[in-house]
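Try each task yourself before you read its solution.

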Amino acid sequence: MNILVYGAGVQGSYLAHTLVRGCHDVTMLARGNRAEELEKEGLIIRHHLQRKTTVDSVRVIRTLEPDDAYDLIFVVMKYSDFGAVLPILADNDSRHIILVGNNMDTYAMRDYLSKPGQSPKQVAFGFQTTAGTRADGKVICIRGGHGQMVIGGLDGPVPFRSLLEQAFMRTKYKLTDHDQIDAWLKNHMVLVVPMNMVILFHGFQMKQVIRDDKRMRQLVAAMGEGFRVLDSLGYPLTPAGQASWITGYPRLIYWALKLFFALPVSRLIDGTAVELKALNEAFAEWRVRSDVPTPNWDALEAEWLTQS
């Protein structure tokens, strides 16, 4: 298969590595220094937990032209970057697109790519459960197993599921179908935004995060508030157990997060202030529409915005 991975950060790099090992023709869209690194050194990934390094050869492009045709396009990037890429995808002839990453606007993005008068598109949404960072021309990737993506369509199953199965057939990568992917992504955002507010407030200094009892408690409480906002607006809480644990056992979640932040692997979390701001602004509309009070979320937001 001829596959494009649009985006060459941590997530896109590991996805490209998996697809290359699945014996496909993989192209990566990258720009600037990252494109030069990939062309010169190849796709270098340090698999942190597995204690190994892999190097793959990939084709690199810097722009996607309208007549560049791919069997699948995986768009793997920060939520704040999707808007700039949608017009390019809409003009391209490829039909099957998977938008991978945090997303608050799935329906709007799907509708934009499906407008009459342009090349017909089928769109799915996914989230890859890997983490990591980039350093010295290589990706440091944190993953369990061989990688996993939660994936779904907005109106039933992904219509091109057979193509996805073909793409990952020779790999041990796991595709987990979710019939409410829009709700899943919004629930995930409820976890990501308060956590990253605290982490970015302390400049990724995890020892400071652990010692900040006040904001750690606000973090857990803000997650609970976020779930209650989604519930009040009719969004399913999914996974249901996740929300019930956070709202029902905040003290236990507090200590679990403290333990996580104490682990060396937590220092490899890759978060950006730009994406965090975009996600938080999008969720602000939901908070306004809801009658659920969010004092802890509001306090974290105010302090983080003041500092940044």
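This is a predicted model: local features need pLDDT of at least 70, side-chain atom pairs count only at pLDDT 80 or more; totals for chains, interfaces and linings use all residues.

Residues are numbered from 1 along each chain as its sequence is written, and side-chain values use heavy atoms, with hydrogens and water left out.

**Exercise 1. Describe how helices α8 and α10 pack.**

Step 1: Find the two helices. Helix α8 covers residues 213–232 and helix α10 covers residues 250–262. Helices (H or I, at least four residues) and strands (E, at least two) are DSSP runs, numbered from the N terminus.

Step 2: Look at the geometry. Two packed helices are described by the angle between their axes and the distance between the axes. Here the angle is about 120° and the axes are 10 Å apart. Axes are lines fitted to C-alpha atoms, for helices over the stretch in contact, and angles run from 0 to 180 degrees between N-to-C directions.

Step 3: Classify the pair. α8 and α10 are therefore oblique to each other.

Step 4: List who meets whom, where contact means heavy atoms within 4.5 Å. From α8 come D213, M216, R217, L219, V220 and M223, and from α10 come P250, R251, I253, Y254, L257, K258 and F261.

Step 5: Sort these residues. The contact of α8 with α10 has 9 nonpolar, no polar and 4 charged residues. Ala, Val, Leu, Ile, Met, Phe, Trp, Tyr, Cys and Pro count as nonpolar, Asp, Glu, Lys and Arg as charged, and the others, Gly among them, as polar.

**Exercise 2. Is T18 buried or exposed?**

Step 1: Locate T18 in helix α1, residues 10–21.

Step 2: Buried means under 20% relative accessible area, exposed over 50%, and partly exposed in between (1.4 Å probe, protein chains only).

Step 3: T18 has a relative accessible area of 6%, so it is buried.

Step 4: Leaving aside neighbours within four places in sequence, T18 is in contact with F168, T171 and Y173.

**Exercise 3. Follow R46 to R51.**

Step 1: R46 sits in strand β3, residues 43–47. With a relative accessible area of 26%, R46 is partly exposed.

Step 2: Not counting residues up to four places away in sequence, R46 touches R51, K52, T53, V139, I140 and C141.

Step 3: R51 is in the loop between β3 and β4 (52–56). R51 is exposed, at 69% relative accessible area, and its phi is near 55°, a positive value in a residue other than glycine.

**Exercise 4. Which residue does a cis peptide bond join to T238?**

Step 1: The partner is P239, and omega is about 0°.

Step 2: P239 lies in the loop between α8 and α9 (240–248).

Technical notes. Angles under 35 degrees count as roughly parallel, over 145 as roughly antiparallel, 65 to 115 as roughly perpendicular and the rest as oblique.
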